[in-house]
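The entries below follow the order in which I looked.

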Amino acid sequence: MGIKRISAYAAIYLLWGGAYLAVRVLVHVLPPFFVAGVRYSLAALFFVPVILMRGDPIPSRRQLLNSLWTGVMMLGVGYGVVFWAENRLPSWIVAVLMSTSFLWTYIGESLVLRSYRFQAKMLLPLLAGLVGMPWLVGGSLHWNRVSILAGLAVLLGAFSWSAGALAIKRIDLPHSYIQTAGLQLASSGIFLLCFSGALGEWARLPALAQTLAWRPLVAMSYLVIAASMVGMAAFHWLMTHEPASLVATSAYVNPMVAMILGIVAAHERSSLLQIVGALAVLGSIVVIWYVQGSTGRLEITALGAVPDP
């Protein structure tokens, strides 16, 4: 595996995993959908000079529309609910719930898109990862105190993200992954800001001194530059070179990154049961990588998908 692939996977694994703690910092100061809209809108604006300097061809009308609606589905709905839910659930639990996007992506790619045949030997690592999730949560979560609505909303967001990720494997998008990322960030940012205004969040903004405190500023900078710009560019590059199910393994790693940061930075409680769950999830990823890497690429290439360059 080349350095470019390693760097891209590291970006979606580590930068997206750290985003959950940054979101937690921001939603304790600003309304959730408003801050989500600001995040994506700023990232889209920062992409403009990058796109202009690259001199890529102007996307067609169909490519433009496809970028916009997938942006709303994946970021507006898929991750917009994360901001709202983190006012009601711990950040690492939200990350665990979002990890179900891997399951939907693998099932969709094999059974719906039929990019490759579903392999029975994949059932064991898939189930190991799912079984590891409640262990990862451990005994620290009191389900009777958790907002069921927030949990269901995050699961819906995970499904929406997966559906959008599968869609971009088959629809016509701009040839430049930088353009695609920028357009998706712009459409999701506008959607979330409009939704925020409709909910009346703009009337509940805090004082400017709270907004410009160092913690919210650092968190927003991280989300805009690292998680949005670098993370989305890496994601779209990977989606043109790798199976969607392998890219979706980030949904398994992200909860563990979020848990570690929560324990170290936010002093969230950990237990031996959570460590066991983390090892089960990591083990399932290693097996999935091995099985998919050894057989999946051959089937994908034979079916006409993008081969390994």
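**Salt bridges**

I began with arginine 5, which forms a salt bridge with glutamate 242, the closest N and O atoms lying 2.8 Å apart; a salt bridge here is a side-chain nitrogen of Lys or Arg within 4 Å of a carboxyl oxygen of Asp or Glu. This pair links distant parts of the chain, since arginine 5 sits in helix 1 (residues 3-27) and glutamate 242 in the loop between helix 11 and helix 12 (244-247), 237 residues apart. I took helices as DSSP runs of H or I with at least four residues, numbered from the N terminus. Both arginine 5 and glutamate 242 are buried, where buried means under 20% relative accessible area, exposed over 50% and partly exposed in between, with a 1.4 Å probe and protein chains only.

I noted that the model is predicted, that local features need pLDDT of at least 70 and side-chain atom pairs pLDDT 80 or more, while totals for chains, interfaces and linings use all residues. Residues are numbered from 1 along each chain as its sequence is written, and side-chain values use heavy atoms, with hydrogens and water left out.

The structure holds 2 salt bridges, and I looked next at the one in which the side chains of aspartate 56 and arginine 54 meet at 2.8 Å, N to O. Aspartate 56 is partly exposed because its relative accessible area is 23%, and arginine 54 is partly exposed at 39%.

**Cores**

Which residues of the largest nonpolar core touch the most other members? Of its 70 residues, they are Ile12, Tyr20, Phe83, Trp161, Leu185, Leu223 and Phe235; such a core is a set of buried Ala, Val, Leu, Ile, Met, Phe, Trp, Tyr and Cys residues joined through side-chain atoms within 4.5 Å. Apart from this core lies another, of 9 residues, including Phe102, Leu126, Ala248 and Met256. I then listed the contacts of leucine 185 beyond four places in sequence, and found Tyr40, Ser41, Ala43, Ala44, Phe47, Leu75, Ser228 and Met232, a contact being heavy atoms within 4.5 Å.

Helix 13 (residues 250-265) has 16 residues and reaches 21 Å from first C-alpha to last, close to the 22 Å expected at 1.5 Å a residue, the expected span being 1.5 Å times one less than the number of residues.

**Surface patch**

I found a nonpolar surface patch of about 560 Å² made by Leu45, Phe46, Val48, Leu52, Ile225 and Val230. Helix 2 (32-54) and helix 11 (214-239) are the elements that give two or more residues to the patch, and helix 2 gives the most, with 4 residues. Phenylalanine 46 lies in helix 2 and counts as partly exposed because its relative accessible area is 41%.

**Two single residues**

Is asparagine 66 buried or exposed? Asparagine 66, in helix 3 (residues 61-77), is buried, because its relative accessible area is 12%, and it touches Ile171, Asp172 and Leu173, leaving aside residues up to four places away in sequence.

Leucine 199 lies in the loop between helix 9 (177-198) and helix 10 (208-211) and is partly exposed, at 44% relative accessibility. With residues up to four places away set aside, leucine 199 touches Phe33 and Arg204, and its C-alpha is separated by 9.7 Å from that of phenylalanine 34, 165 residues apart along the chain.

Terms used: Patch = residues over 30% accessible without salt bridge, like charges linked within 9 Å, V, L, I, M, F, W, Y side chains within 5 Å. Areas by Shrake-Rupley, 256 points an atom, 1.4 Å probe, with all protein chains shown as cover.
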